[in-house]
Amino acid sequence: MANMNPKKNPMPSQAPEVRAHNFKEVAYGYSEEMALDEAMRCLNCKNHPCVAGCPVNIHIPAFIEKIREGDFEGAYKIITKTSTLPAVCGRVCPQESQCESKCVRGLKGEPVGIGRLERFVADWHNAHSDEIPETAEPNGHKVAVVGSGPSGLTCAGDLAKKGYSVTVFEALHKAGGVLVYGIPEFRLPKTIVQKEIDTLKAMGVDIETNMIIGKTLTVDELFHMGYEAVFIGSGAGLPMFMGIPGESCKGVYSANEFLTRSNLMKAYKDDSATPIMKGGKVAVVGGGNVAMDAARTALRLGAEKVYIVYRRSLEELPARKEEVEHAMEEGIEFRLLCNPLEIHGYKNPEDPRDPKNGFVTGMRCIKMELGEPDERGRRRPVPVEGSEFDIDVDCVIISIGTSPNPLIKSTTAGLETNKRGGIIVTENGETTKANVFAGGDAVTGAATVISAMGAGKIAAKAIDESFNK
Ligand code: FAD
Ligand code: SF4
Ligand code: SF4
């Protein structure tokens, strides 16, 4: 008998007043009982509309059926037929706009908690198994992967399974891409990402860190070294700024820099030597997931007040609803319909060597109202004349978007990009340069983990086919 409760089993989580002061994971995950109860909510629909909502088409009713049978490893095997990072996706996928948005249970209540069940299965597997996926006999072909984010890791894993000798070249000192340097520990514990990377290494994938392709080596040099195909999964890590006065003041960060300092460089640890602004009043400009992560990180680093400054209203806020709710519960203040005009810096006219000179002292903003819809159908924010006001802040974190870094394009003859800097590819991930493939944010601009993973899979298949023509 199906469980017809219209509500999902709630996710057990740390209390907001506790978690606002620590970096431990917010959500604890389902127990076996909760997972079984939630799995009973699935109607095992014949046409399973949820599957089409998943960018890698995980067979959702089949894995949920296995949970109902108590066969959690069987459920894991079904998920990993198409997805390589279930413990990650079960945590960070925007399920509400993907698989769960298509679930029929959502018509008269809440959809089945597909992401929560996926996380449960992956965590169960990680706690009970050290099994390494099988790999084919070496086939003698060498492939280079640029970037170790979800697209690169997935492409590398799929190729290694088919017997390719794969080397991943990563610019940073640690592999994982945004999963390690961007998404904070309290949403995605780094041990989970490390486990995925260790598995890849155990499958024979070589990971070379501190290797900036375009600087340390070029794509053409990789071919000269014997690599026969190259996959570029270098992400979209170049931050955009607003171009307003005061952006060069001390205490202004891009969200990527702020999060990298905290996550990758461990600035949140008391004994860390990484400088970062701790305490004071912080304004985060922007309304996406990255802005929520930066705001919640600033709070955990000890800020006395954190504002989200966003130029549209709550309705248009692009971040996941769950992240917005978590941020609000933790005490982050949303200054909506509000746009920055200028950042003020301290200036001591008497003493140009005053060490306080140049530090942020506040931000001038203007109120906005929503006008006519733009080309994407979102109502355009329009400044309200004469409504300027100041916010008293010591730190401003800018989170208004990122784009692909032009370094690889500028050092690789024949590699074409579009006007937003995204590498131009065919539907198989082939670029305009022979034997060079690309996928993930480097192609689409900032998107999602699962779409980057999907692109890595498509490219791995195309690379394999190119050797078997
Ligand atoms: P990335 O993850 O960006 O990895 C690219 C890697 O390439 C990096 O490690 C980089 O150092 C390396 N690299 C770059 N240039 C070079 C070079 N020249 N040579 C060698 N290596 C290079 N998505 C979700 O689905 N859910 C979320 O909740 C979510 N939250 C996010 C929070 C933050 C703070 C950020 C920044 C992004 C978030 N995203 C989220 C988006 C998601 O993380 C990205 O879409 C995804 O990681 C893209 O994967 P990728 O493999 O294309 O690139
Ligand atoms: Fe849903 Fe993401 Fe899992 Fe696909 S990978 S089923 S979209 S949670
Ligand atoms: Fe189960 Fe919902 Fe998918 Fe139907 S649409 S199979 S109820 S998860």
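Between which domains does ligand 1 lie, and why?

1. Ligand 1 lies between domain 2 (142–237 + 404–467) and domain 3 (239–402), because both give residues to the shell around it. The assignment, automatic or from a database, also lists domain 1 (16–128).

2. A word on the basis: this is a predicted model, where local features need pLDDT of at least 70, side-chain atom pairs count only at pLDDT 80 or more, and totals for chains, interfaces and linings use all residues. Residues are numbered from 1 along each chain as its sequence is written, chains are lettered from A and ligands numbered from 1 in the order written, and side-chain values use heavy atoms, without hydrogens and water.

3. The shell around ligand 1 has 33 residues (a heavy atom within 4 Å), and Val92, Ser151, Glu170, Arg187 and Ile213 come nearest. By class, 18 are nonpolar, 11 polar (Gly among them) and 4 charged.

4. Oxygen atoms of ligand 1 make polar contacts (N or O pairs within 3.5 Å) with the backbone: 3.0 Å to Val178, and 3.3 Å to Pro150 and to Thr448. The protein buries 93% of the 990 Å² that ligand 1 exposes when taken alone (Shrake-Rupley, 1.4 Å probe).

5. Now the domain interface: 15 residues of domain 2 contact 14 of domain 3 (heavy atoms within 4.5 Å). The buried area, summed over both parts with a 1.4 Å probe, is about 1300 Å², 55% of it from carbon and sulfur atoms. Tyr181, Phe186 and Arg187 supply 43% of what domain 2 buries there, more than any other three residues.

How values were computed. A polar contact is a pair of N or O atoms within 3.5 Å; within protein, one must be able to donate a hydrogen and the other to accept it, and residues adjacent in sequence count only if both atoms are side-chain atoms. Buried area is the accessible area (1.4 Å probe) that two parts lose on being put together, summed over both.
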